[in-house]
Amino acid sequence: MDTTSATAPPAALRGRTALVTGAASGIGRACAEAFAAAGARVYVVDVAAAPAEELAGRIGGVAVVADLSDPQAVEALPDDADIVVNNAGLQHVAPLHEFPTERFALIQRVMVEAPFRIIRRTLPHMYGNGWGRIVNISSVHGLRASAFKSAYVTAKHGLEGLSKTAALEGAPHGVTSNCINPGYVRTALVERQVAAQALAHGIREDEVVEQIMLDRTAVKRLIEPDEVAQLALWLCSPSASYITGASLPVDGGWTAH
């Protein structure tokens with residue numbers, strides 16, 4: 001019996017190189033694992049050295065430890081990626097009139113300026129090969145606003161605009177650029193929000209998921225990171241080659257309202 005197909009790794013992305021930011025945990029980790037399983041070499045980019053190195057070692061990738069709030073660190077990232085997954089992000093929950101200005105600026109640097117710099121650096125390589133895929137992990141908050149999240153909502157809306165511009169410029173060169181817009185995903189970032197949301201809304205922590213996070217969704221559960229990763233992987237497949245400049249909600253019906 002021929003067992004080659006059962007033992008060989010999938011070859012869908014063999015020969016491709018993917019750069020995933022925020023890759024040491026959550027959605028980024030799931031994306032790094034999915035792309036590696038599809039045959040890509042993965043740059044595991046994260047500020048957390050130990051988990052990035054552990055993951056890179058396990059999937060045969062390359063750990064790149066970098067603080068994306070530092071423009072010089074971003075400019076030192078590899079520029080030979082065929083696939084870019086802009087995923088890194090952070091959250092801060094506070095009323096707008098009390099929102100720390102430095103925190104607001106930090107979130108823009110990590111979630112808008114860093115993706116801009118990464119795309120700017122990698123596009124020449126993609127253009128030269130006549131193929132490239134940019135997958136921006138946006139959010140339902142790139143399409144809708146929520147109270148107390150001024151910096152995050154602003155950043156995600158900015159990422160949407162950047163993605164669409166990259167789609168228009170990249171199309172003649174075989175490069176697509178899309179956003180994935182999840183609702184609340186079961187990640188450490190979301191878990192850390194529970195206490196902050198409880199304080200901001202004046203409710204108990206055990207009420208936050210039901211009353212705040214899932215209030216506007218039809219499907220009453222958190223999204224799993226791998227569900228987002230599989231959509232990111234599909235956007236890099238031949239089946240999705242005509243999809244560009246899109247924002248794809250994975251939000252359990254949130255934006256159906």
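User: Is C31 buried or exposed?

Analyst: Look at relative accessibility. Under 20% counts as buried. In this predicted model, C31 has 0% relative accessibility, so C31 counts as buried.

User: How many disulfides does the structure hold?

Analyst: Check the distances between cysteine sulfur atoms. A disulfide needs a pair within 2.5 Å. The structure holds zero disulfides. Take C31: the nearest cysteine sulfur belongs to C236 and is 9.1 Å away.

User: What is the nearest cysteine sulfur to C179, and how far away is that sulfur?

Analyst: That sulfur is the one of C31, 13 Å away. C179 is in no disulfide. C179 also counts as buried, because its relative accessibility is 0%.

User: Now the helices. At what angle do the axes of α5 and α6 cross?

Analyst: Find the residues first: α5 covers 101–129 and α6 covers 150–170. Their axes come within 8 Å and cross at roughly 15°. Angles under 35 degrees count as roughly parallel, so α5 and α6 are roughly parallel to each other.

User: Is that crossing of α5 and α6 left-handed or right-handed?

Analyst: The crossing is right-handed.

User: Which residues of α5 and α6 meet?

Analyst: Read the contact from both sides. From α5, the residues include F104, I107, M111, F116 and Y127. From α6, they include Y152, K156, L159, L162 and E169.

User: How many residues of this contact are nonpolar, polar and charged?

Analyst: Sort the contact residues by type. For α5 with α6, 14 are nonpolar, four are polar and two are charged.

Technical notes: Residues are numbered from 1 along each chain as its sequence is written. This is a predicted model: local features need pLDDT of at least 70, side-chain atom pairs count only at pLDDT 80 or more; totals for chains, interfaces and linings use all residues. Side-chain values use heavy atoms; hydrogens and water are left out. Axes are lines fitted to C-alpha atoms, for helices over the stretch in contact, and angles run from 0 to 180 degrees between N-to-C directions. Helices (H or I, at least four residues) and strands (E, at least two) are DSSP runs, numbered from the N terminus. Angles under 35 degrees count as roughly parallel, over 145 as roughly antiparallel, 65 to 115 as roughly perpendicular and the rest as oblique. A crossing is left-handed if the near helix is turned anticlockwise from the far one by less than a right angle, and right-handed if clockwise. Contact means heavy atoms within 4.5 Å. Ala, Val, Leu, Ile, Met, Phe, Trp, Tyr, Cys and Pro count as nonpolar, Asp, Glu, Lys and Arg as charged, and the others, Gly among them, as polar. Buried means under 20% relative accessible area, exposed over 50%, partly exposed in between (1.4 Å probe, protein chains only).
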